[in-house]
Amino acid sequence: MSFPDEYTAFKAYAKQYPNACILLVDTYDVLDSGVPNAIRVFKEMQEEGIELKGYGIRIDSGDLAYLSKQAYKMLADAGFEDAIISASSDLDEYLIDSLKAQGAKIDSWGVGTNLIASNGHPAFGGVYKLAAIKEKDDEDFVPKIKLSENVEKVTNPGNKTVYRIYDKATGKIRADLICLADETFDTEKDMIIFDPMATWKKTKIAGGTYTLRELLVPVFLKGECVYTSPPSWRSAIYAPKKRKLSGVRPCVSSIPRKSTWTYLTSCTRSNPDFWRRWAKLPSNKDLYMKNAPVPESLLPIPDRCTVFSFPYCSI
């Protein structure tokens, strides 16, 4: 189910849940779009004679303290000072305490991940975000994007696929590439890849030194099965895993001596102060030395340090 705009979506939700109408207002812009559209819907519900109870808004990203206070002011000015303002976005007891200390106008706390996932056993976050839409009579998909004050929540529009990049000489994995589904690549040409959230982090892979393998394999197309299963469950489970693990660098697949390496933010000569500050902190220097077999001579600024959330290794 999809709607052409935020207001239409809010109207449909209010019709479905008139007695518990909590509207998510951060899909596009909390203060310029979400809250004004919510107020519009609440006013129309009043005009239709619907008693407003259990109604309000939810904010799931951005500066929750600031946004909640501004949203409350907008709601109160419109006559909806009793509207619920709910907040979520990886809340825990520390963040809630901080938000209360900042005077956040929040009266409903949506605690999920940090309530059900044990400390030290992180949850793998997964979300559904609309990337493109095609109406019944359309020939092509129309790309869609979600905007957010949190950079990691801004989506890349359009239908996409994923390729795994392998080093031709060693067979080891270099990177995974997210691209549009209809993009084509010439492996004989240089490729520039970059972090989708921190686009200034770029890597050049020389043409002729890599191969590509598409990871998204269709199983059904137009109602027909187009996928051939492996000959047996044993080969389906063990052989591909063994083959895939052989392409992982030993420093990534091995068990670290104490704990997983804490990944670093990429740094270059253009931003040396970050590395100096990080390395000189006693706790970080201690972590750096204990969890990775790296001599102290490497602590000064490197020409470049690569970002990995794996045990430390250089490439």
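A word on the model. It is predicted, so local features need pLDDT of at least 70 and side-chain atom pairs count only at pLDDT 80 or more, while totals for chains, interfaces and linings use all residues. Residues are numbered from 1 along each chain as its sequence is written, and side-chain values use heavy atoms, with hydrogens and water left out.

Now the overview. The protein has 9 helices and 15 strands. These are DSSP runs numbered from the N terminus: helices are H or I with at least four residues, strands are E with at least two. Of the 315 residues, 28% count as buried. Buried means under 20% relative accessible area, exposed means over 50%, and partly exposed is in between (1.4 Å probe, protein chains only).

Next, the inside. The largest nonpolar core has 32 residues. Such a core is a set of buried Ala, Val, Leu, Ile, Met, Phe, Trp, Tyr and Cys residues joined through side-chain atoms within 4.5 Å. Val25, Val35, Phe42, Ile57, Ile59, Leu75 and Phe80 touch the most other members. Helix 1, helix 2, strand 2, helix 3, strand 3 and helix 4 each supply at least two residues of this core. Helix 2 gives the most, with 8 residues.

Take Ile57. Leaving aside neighbours within four places in sequence, Ile57 is in contact (heavy atoms within 4.5 Å) with residues including Ile22, Val35, Phe42, Leu75 and Ile85. Apart from this core lies another, of 9 residues, among them Tyr163, Ile165, Ile193 and Tyr210.

On to the sheets. Strands pair if DSSP finds at least two bridges between them. 4 strands form an open sheet in the order 1-2-3-4, with parallel pairing. Strand 1 (22–24) and strand 4 (108–109) stand at the edges, each with a single partner strand, so one side of each is left without a neighbour in the sheet. Strand 3 and strand 4 pair over 2 bridges. There, Ala87 stands opposite Trp109 in strand 4.

Now strand 7 (160–167). Is strand 7 largely enclosed or left open? Of its 8 residues, 6 are buried, so strand 7 is largely enclosed by the rest of the structure. Strand 7 pairs with strand 8 (residues 173–180) in the antiparallel sense over 7 bridges. Tyr163 has Leu177 in strand 8 as its bridge partner. The two strands form a hairpin with 5 residues between them, and Gly171 in the turn has a positive phi of about 80°. Strand 7 also runs antiparallel to strand 11 (residues 210–214), joined by 5 bridges. Arg164 stands opposite Arg213 in strand 11.

Last, two loop residues. Asp90 lies in the loop between strand 3 and helix 4. Phi of Asp90 is near 55°, a positive value in a residue other than glycine. At 56% relative accessibility, Asp90 counts as exposed. Lys222 sits in the loop between strand 12 (220–221) and strand 13 (224–225). Its phi is also positive, near 55°. Lys222 is exposed, with a relative accessible area of 87%.
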